[in-house]
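Thanks for coming. Please have the sequence and the model open while I talk.

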Amino acid sequence: MNAHVTPNSPGPVSLTIVPPFARFSLRIAAASVEAASKAFGLELPVKIGQGQAKDGRAAWCLGPDEWLLHAVETETVQIMEAFARFRPETPHSLTLISDREITIAMEGARAAELLSVACPIDLARIHPGMAKRTVFDSAQVVLLRDGPDHFRLEVWRSFFPHVHELLQIANRELASGY
Amino acid sequence: MTSFRVKDRGRVKADRPVRFSFDGVAYEGCEGDTVASALLANGVHLMGRGFKYHRPRGPVTAGSEEPNALIGTSRGVGRFEPNTRATVQEIYQGLTTESQNKWPSLKFDVGAINDRLYMLFSAGFYYKTFMWPRSFWDKVYEPFIRRAAGLGKAPVDVDPDHYASRYLYCDVLIVGAGPSGLAAALAAAQTGVNVVVVDEHAEMGGSLLSEPSVGINGKAAWDWLEATLDELGRLPNVRLMTRTTAIGYYHQNMIALCQKLTDHLAELPTDAPRERMWRVRAKQVVLGQGAIERPLVFDGNDRPGVMLASAAQTYLNRYGVKVGNRPVILTSHDSAWYAAFDLADAGAKVGAIVDTRNDIQAALMQQAKARGIETLTGHTATATSGRLRVKSVRVNPVRGGRVGKARTIDCDALLMSGGWTPSLHLFSHTKGSLHWDAEENVYLPGQQTEECHIAGAGRGLWGIAAVLEDGVKAGTAAVRALGHSCDAVRFDVSDDRTGNGVTHKELATDRSPGRAKAFIDFQNDVTAKDIRLAVREGMRSIEHVKRYTTNGMATDQGKMSNMNGLMIASDALQKEAPQVGLTTFRPPYTPTTFGTFAGYHKGSHFELTRKTPIDSWAEEHGAAFEPVALWRRAWYFPKAGETMHMAVSRECKATRESIGIFDASTLGKIEVSGPDAVEFMNRMYTNPWTKLAPGRCRYGLLLGEDGFIRDDGVIGRMRDDLFHVTTTTGGAARVLNMMEDYLQTEWPDLKVWLTSTTEEWATIALNGPNARKLLAPLVEGVDISADAFPHMSVAECTVAGFSSRLFRISFTGELGFEVNVPARHGRALWKKLMQAGRQYDICPYGTETMHVLRAEKGYIIIGQDTDGTVTPQDAGIGWAIGKAKPDFVGKRSLSRPDIVARDRKHLVGLLTDDPKIVLEEGAQIVTDPNQPLPMKMIGHVTSSYWSEALGRSIAMALVAGGHEKMDQTLYIPMPGHTVAAKVTGTVFYDPAGERLKVE
């Protein structure tokens with residue numbers, strides 16, 4: 001998931017649009033999570049908000065029976081087949097949502113400050129590796145924290161221009177020093 | 001020009017002059033001055049005109065509570081602001097200011113005639129004066145009142161400034177950086193918790209800025225202040241914010257702050273916001289808001305030069321400005337005596353200290369005597385003189401309740417103090433209860449509802465030592481509540497100016513109180529007489545007195561007038577103050593710009609607009625757009641010279657004759673997945689789903705528990721355990737929420753999961769007799785011939801190389817397909833289809849054509865042909881109900897007597913007698929156009945269009961008992977004429993559905 005730098009975002013925080021990758025919404029009973037871990041090849045975290053990543057695959061627990069999965073796009077079909085194989089005995093729902101969202105990566109010492117412009121949650125409580133479904137300027141987003149100064153925002157496609165525009169406005173505002 | 005600047009006093013930078021203008025005259029002030037302090041330094045007291053009587057006015061305070069010195073400020077196009085408080089606005093090089101509410105000039109104002117006519121303008125005068133004749137209200141009275149109401153000019157240009165917002169979490173938020181706030185900060189900060197200290201002023205220190213003579217811990221007040229701010233500023237866990245007003249205190253310790261960032265700068269930095277709204281969630285809050293001095297109420301207490309004694313002290317000690325050379329002090333509180341001493345020490349000749357009290361501390365009397373200041377105790381003030389500036393005050397002794405002989409004392413400033421009112425505004429926002437202190441005649445904070453601590457003068461304490469100690473107490477309590485303990489912080493205070501005082505209703509007078517212009521609310525021009533009149537005319541609660549007199553209803557929210565108004569009302573009613581009440585304080589604490597509230601929501605960022613992946617193509621091809629829910633959708637695609645009517649007719653014709661292409665991406669999509677998916681669908685939708693085979697789809701109808709139609713859409717069964725549900729564009733979120741609600745609360749046992757896929761797919765609809773011809777060569781993985789892929793089929797395949805979910809469905813009555821591809825490919829697929837469709841003259845169409853084509857077929861639009869009170873039977877789609885199903889949402893309601901009643905409004909077709917007339921949607925329908933008014937309306941037109949295919953107008957309507965009125969003629973009365981129309985079925989075009997069967 002190599003981020004490429006998009007121009008037109010002057011400011012202390014680098015804002016980049018992440019190229020397409022495979023993204024799934026997994027819904028499965030918490031009791032059956034082991035089967036899902038096996039199919040995905042990654043041990044799924046079981047505490048809400050927590051994430052896990054290895055070998056190009058990543059998973060975050062977003063709700064009591066909900067996980068967000070990321071993988072390399074070329075592995076999409078392979079992953080769907082792996083899940084389909086155990087669906088008969090372990091019911092679940094794996095929905096491909098690669099195109100539903102656009103992901104914005106932000107990096108910089110002031111990234112959290114930039115998010116605080118329109119994200120109402122206490123970002124200090126989202127530790128690196130965690131994820132949370134929240135809002136940014138009234139648009140629903142999933143916020144992933146990759147490091148102290150590194151976040152990703154997953155935004156529904158049609159809300160992306162609105163969210164991205166405000167990030168750019170606010171990034172310029174940060175640059176102004178006021 | 002006389003300078004009233006006092007050398008070696010004040011905190012302004014005397015060596016840094018700042019030029020600005022007021023009413024076109026250039027003035028010089030110093031860096032650190034406000035407009036008010038700089039004008040006063042130039043001997044200018046006259047800064048405005050009163051609202052109602054247009055009396056000359058000068059600043060009465062030195063802070064944000066200022067009711068009089070309201071000015072207009074400007075710095076170029078769009079940057080004009082009316083009603084700026086001169087006592088708050090800092091000066092910068094080139095600042096342009098002007099006075100308000102005057103014509104032709106501030107010194108000579110024609111509107112001042114109102115002052116002579118003041119008897120006409122008593123409380124409630126609008127209601128009394130403008131009653132008759134009734135016909136005058138709209139044309140004469142109301143426009144007059146509206147013009148007269150409100151100070152200043154409303155800005156007319158677009159505001160070019162940028163406004164920002166931020167969320168902030170902290171452990172302890174301290175509001176007010178006076179001695180109590182700073183002491184709280186010192187106590188709290190040492191524990192390492194996150195502390196935020198805000199203050200509305202340009203610099204922190206509060207009352208310490210006006211009281212340099214006090215000593216704290218062996219240091220002069222200002223040295224201690226500097227050291228303290230330096231210490232706090234260096235702590236990583238402390239954030240100090242100046243020019244930041246806590247404007248509102250909301251639930252669960254959410255505090256709104258307005259931070260002014262650039263209004264004090266000569267040059268506006270690029271991209272810097274003018275103001276920023278902070279939404280702070282604090283675990284603990286310390287309110288150190290202090291107290292506001294009360295004016296005394298007596299005839300002529302509003303002349304320029306009459307001001308609060310504490311303000312004069314602030315102008316002297318903080319800004320180095322003497323407000324007059326011959327001030328007279330008029331007071332009922334010890335604090336004003338110190339103002340007199342400071343002014344005398346700065347070289348002013350204090351005319352007298354007039355105190356309403358008989359017994360004064362001996363120490364004060366001695367200090368006055370030492371300075372040669374005459375003291376008049378047990379006195380009242382009964383008048384002042386001076387038109388544009390106070391010239392004298394008339395004082396009388398009061399002995400045994402009798403007002404004695406008057407004496408006039410010359411003065412150029414009259415400094416009053418009627419005691420102090422603790423600032424309860426933010427505490428009051430929390431709806432915490434207030435406690436009436438009958439001894440001091442003040443309200444104090446009572447029972448708390450939030451995690452907050454009130455410290456210092458804000459809870460009635462007086463003296464620097466007392467408030468410092470109280471601040472430590474509050475700060476300690478705050479961190480203790482967070483589970484921390486902190487070391488005791490102690491202060492050793494010297495030269496503290498403690499004291500006390502009394503409060504009054506209007507001061508006693510030997511003249512007619514009815515003729516006294518004794519002001520309570522300076523901004524709204526309310527006098528003591530108005531309050532008494534309101535009581536005489538039947539107002540019993542302070543809330544009624546307030547509304548009748550407008551006392552406290554100006555932008556200062558009665559910071560200085562509420563308590564005086566209450567004292568007088570309670571006297572007039574002969575009731576204790578708490579029985580008369582206290583008006584409610586509401587956010588914002590001080591006037592706040594709309595910009596601060598709007599934040600980033602302006603221009604292109606004003607409101608979120610959702611666009612489809614194909615939107616850019618539509619825009620490039622000249623589409624007209626319409627908003628649908630949050631989306632904008634292509635409405636029609638006009639060619640050069642085409643009207644909307646022409647474009648829509650062309651699009652309809654092209655689609656029916658060959659092929660039309662339509663962006664249906666906004667349709668809501670929900671993936672219903674799991675072994676119990678079919679059971680869930682059976683329970684949610686009216687239709688039966690069990691026998692629907694994978695690869696087939698069906699029209700689904702969703703009701704509410706009340707049996708009324710909520711949503712509809714075509715639903716495909718992808719697998720035994722997977723449905724692809726579509727919803728209306730506007731209903732997507734609502735339907736998903738409704739489904740989740742049932743799933744989580746009613747049927748948690750069902751193994752089924754819901755995922756929104758609206759934005760995963762771009763959806764392109766192809767309709768028309770050539771649809772298959774166009775599509776077939778592009779499809780791989782499924783045979784879409786008529787037999788292999790009949791109407792209401794769905795398959796996974798590829799279309800033009802893109803993985804796809806392909807539906808054969810129709811919302812037009814023509815052969816139709818809907819191609820879903822991953823959203824990122826939507827535009828590419830559209831272009832390929834346009835390219836491939838050239839041979840068939842493919843025609844892109846918008847939502848208007850979609851509406852016409854579906855209306856010709858009688859297909860309903862949720863929210864247009866239904867309004868939340870329409871049942872499936874009413875809408876003529878009872879066939880969509882699975883009669884054999886044991887249950888579904890809304891089933892039970894469908895058998896209620898009123899739901900099965902025969903006279904319910906039914907959806908019917910309407911054909912106008914004159915085929916050229918297109919009815920107006922929303923028009924009312926009657927049976928007899930000749931009946932007397934008001935006519936009995938039996939329904940309304942829901943959909944109405946020109947049908948190009950039929951060469952006439954068509955309409956649908958909800959009509960009472962409509963299904964039994966077939967072939968009857970009904971009437972639609974319109975302005976000037978009445979339209980006759982015949983009731984028909986709703987399917988106007990191809991009722992047999994032959995056109996779907998294209999081979």
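This is a predicted model: local features need pLDDT of at least 70, side-chain atom pairs count only at pLDDT 80 or more; totals for chains, interfaces and linings use all residues.

Residues are numbered from 1 along each chain as its sequence is written, and chains are lettered from A and ligands numbered from 1 in the order in which they are written.

Chain B has 999 residues, and 53% of them count as buried; buried means 20 or more other C-beta atoms within 10 Å of the residue's own, exposed means 12 or fewer, partly exposed is in between, and the C-beta atoms are placed from the backbone. Its C-alpha atoms fill a box of roughly 115 × 70 × 55 Å along the principal axes. Chain B contains 24 helices and 52 strands, which are DSSP runs numbered from the N terminus, with at least four residues of H or I for a helix and at least two of E for a strand.

The domain bounds come from an automatic or database domain assignment. For chain B this gives domain 1 (13-114), domain 2 (165-291 + 422-494), domain 3 (324-416), domain 4 (518-582), domain 5 (666-838) and domain 6 (892-996). Between the C-alpha centres of domain 3 and domain 6 of chain B there are 84 Å.

One helix of chain B deserves a look. How many residues of helix H5 (residues 179-189) of chain B are buried? The count is 11 of the 11, so H5(B) is largely enclosed by the rest of the structure. Among them are B:Pro179, B:Gly181 and B:Leu186. The cover over H5(B) includes E8, strand E9 (195-198), helix H6 (221-234), strand E12 (238-241), strand E15 (275-287) and helix H11 (464-481) of chain B.

Now the two chains together. Contact, meaning C-beta atoms placed from the backbone and lying within 7 Å, involves 32 residues of chain B and 32 residues of chain A. On the chain B side, strand E8 (163-175), strand E36 (668-673) and strand E40 (753-756) each give two or more residues. The largest share, 6 residues, is from E8(B). By class, that side has 14 nonpolar, 9 polar and 9 charged residues; here Ala, Val, Leu, Ile, Met, Phe, Trp, Tyr, Cys and Pro are nonpolar, Asp, Glu, Lys and Arg are charged, and the others, Gly among them, are polar.

On to chain A. It divides into domain 1 (4-19 + 100-176) and domain 2 (22-96), with 24 Å between their C-alpha centres. Domain 1 of chain A puts 8 residues into the contact and domain 2 of chain A puts in 7.

Five strands of chain A make an open antiparallel sheet, in the order E4-E5-E6-E3-E7; strands pair if DSSP finds at least two bridges between them. Strand E4 (51-54) and strand E7 (92-96) of chain A are at the edges with a single partner strand each, so one side of each has no neighbour in the sheet. E4(A) is joined to strand E5 (residues 57-63) of chain A by 4 bridges, and A:Gly51 is opposite A:Trp60 in E5(A).

Helix H1 (residues 33-40) of chain A lies across strand E3 (22-28), E5, strand E6 (66-71) and E7 of chain A, at about 160° to E3(A). Helix H2 (residues 76-86) of chain A touches E3, E6 and E7 of chain A, at about 170° to E7(A). These angles run from 0 to 180 degrees between N-to-C directions, with axes fitted to C-alpha atoms, for helices over the stretch in contact.

Note on methods
Two residues are in contact if their C-beta atoms, placed from the backbone, lie within 7 Å.
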